[in-house]
Amino acid sequence: MKKDTTTLNNNSRRNFIKASATALAGFYFVPRHVLGGPGFVAPSDRLRVAGIGVGGMGYNDVKGSFNSGKVDIISLCDVDDTRAKRSREDHPKATYYRDYREMLEKEHKNIDALTISTPDHMHAVQAMAAMQLGKHVYVQKPLSHDIYEARKLTEAADQYKVVTQMGNQGSSGDGVRKMMEWYNAGLIGEATRVYCWTDRPVWPQGIPWSKDAANPPADLDWDLWLGTAPQKDYVANLIPFNWRGWWDYGTGALGDMACHIMEAPFRVLGLSYPESAECSVGSVYVGEFQRGYFPDSCPPSSHITLKFKREGKDDLLFHWMDGGIQPARPEELGPNEMMGDGGNGVIIEGTKGKMMCSTYGRNPQLLPLSKTKDISVAETLYRVPNGDGGHYNNWVEACIGGYGSQEFDQLSSPFSIAGPLTESVLMGNLAIRSYDYRIPRKTGNGFDYPGRGIKLVWDGPNMKVTNFDPANQFVKREYREGWKLGV
């Protein structure tokens with residue numbers, strides 16, 4: 001039966017969260033040694049999980065956590081009843097809501113953790129609301145829509161002492177750990193340059209917003225789907241997938257894939273905030289010498305260059321390419337040998353050699369490939385059981401172990417790691433959006449584009465572009481009235 005989806009009063013919701021955060025309810029734990037039995041999972045070793053956004057990838061996230069064998073799915077929430085159908089059929093005893101705020105108000109005493117698998121523009125408000133209630137969270141990538149949101153979520157994870165994980169499963173894989181061990185052993189010397197690329201987007205980008213409003217399906221709550229985003233009429237072909245190409249909701253090809261692809265070199269090289277960002281952007285022409293201007297839509301392709309300052313070392317140039325753009329093939333790679341996995345990949349160049357991998361850090365290789373067979377480097381880093389297939393269980397075990405436990409220390413993508421990675425990913429989008437920033441010409445007709453052909457200088461600790469102030473409007477967006485990040 002559907003619950004009432006009437007929007008909660010903002011004041012009562014804030015009071016509820018404040019009160020709940022200091023008076024969390026628990027339940028009686030029966031020690032394992034009392035109940036015993038081979039393979040028995042004691043109540044103290046079980047996790048009560050709720051899901052926000054339970055269709056599509058959200059279905060996989062709920063299922064992945066449940067398949068750990070230590071999770072009970074208590075409640076499900078989705079603004080789209082049709083998309084939620086499979087999860088509800090799998091867990092018929094779970095309560096069901098459309099509004100996550102109502103679910104948290106009514107079910108917070110019954111749940112320990114949540115999976116959050118909604119469009120990018122809703123990640124932060126949902127994760128923050130859960131963390132303020134002392135709930136552990138698993139949040140799909142990218143961690144947030146905005147740099148500001150990523151910073152606040154990272155801080156909140158420590159403030160509320162909860163277990164966190166971003167849904168970039170490659171961070172649990174053996175590949176990235178092997179590359180770290182190779183790099184630490186000096187096999188490619190000191191890194192000088194990184195190339196990352198993807199064939200995404202595989203949805204429309206660089207297009208105008210539809211002028212044809214449509215009626216939302218009866219099983220979809222369009223207002224709740226919009227959430228923090230500006231009020232707009234429903235249009236066809238936006239959900240459940242193509243929202244990724246619109247800045248109000250998604251973060252483009254970069255936001256979709258960079259947390260999977262850039263994560264490996266970030267971890268291998270121990271990177272933090274970039275010092276600067278610049279970009280070139282593909283265009284769509286709507287007539288002869290007439291470039292289309294569609295600032296609401298992410299571009300069809302882009303090339304972003306981030307520069308990282310490293311103490312006592314030369315600057316590192318980090319290249320990101322999407323829309324099918326790829327770097328030149330390394331000379332060490334044979335003409336018929338695959339670069340990355342074909343559509344996606346990573347190459348790290350060093351003073352003594354190069355290494356390469358595909359999406360999720362899989363299939364790490366030294367270049368030329370023949371070197372990989374001859375190298376034996378001792379395993380010094382913790383391996384997640386079942387590699388990237390163990391990403392959900394990595395989080396579940398840490399939730400059961402608790403904040404600060406050994407299992408907590410073995411998390412693959414806690415917000416302390418995922419937050420700075422997401423900030424750096426979204427820094428590229430600052431450059432892209434600045435590229436489309438325009439102002440009327442002081443004389444004559446037309447517009448000038450002062451954000452093109454420049455480099456954005458970034459003050460990471462203060463989350464500020466220091467040389468082009470218009471870019472800073474994209475660091476933190478304004479939410480629709482009635483929505484805010486936290487109490």
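I started with helix 7, whose buried residues pack against helix 6 (120-132), strand 6 (164-166), helix 15 (415-435) and strand 18 (456-459). Contact here means heavy atoms within 4.5 Å. Helices (H or I, at least four residues) and strands (E, at least two) are DSSP runs, numbered from the N terminus.

I noted the ground rules next. The model is predicted: local features need pLDDT of at least 70, side-chain atom pairs count only at pLDDT 80 or more, and totals for chains, interfaces and linings use all residues. Residues are numbered from 1 along each chain as its sequence is written, and side-chain values use heavy atoms, with hydrogens and water left out.

**Helix 7**

I looked up its length. Helix 7 covers residues 147-159, which makes 13 residues. From first C-alpha to last it reaches 19 Å, close to the 18 Å expected at 1.5 Å a residue. The expected span is 1.5 Å times one less than the number of residues.

Which residues of helix 7 are buried? I listed I147, E149, A150, R151, L153, T154, A156 and A157. Buried means under 20% relative accessible area, exposed over 50%, partly exposed in between (1.4 Å probe, protein chains only). I kept one rule in mind: an α-helix has 3.6 residues a turn, so residues three or four places apart point the same way.

I then checked what follows the helix. K161 comes after helix 7 and has a positive phi, near 55 degrees.

I moved to strand 12 (residues 316-322). Of its 7 residues, 6 are buried, so the strand is largely enclosed by the rest of the structure. Strand 7 (residues 191-197) runs parallel to strand 12, joined by 5 bridges. Two strands count as paired if DSSP finds at least two bridges between them. V194 faces F318 in strand 12.

Strand 11 (residues 302-308) runs antiparallel to strand 12, with 7 bridges. I found H303 opposite M321 and S302 opposite D322.

Strand 11 has 5 of its 7 residues buried, so it too is largely enclosed by the rest of the structure. Strand 8 (residues 276-281) pairs with strand 11 in the antiparallel sense over 6 bridges. There, V281 has S302 as its bridge partner.

**Annotation**

The end C-alpha atoms of residues 47-167 lie 18 Å apart, and the span is 41% helix and 22% strand.
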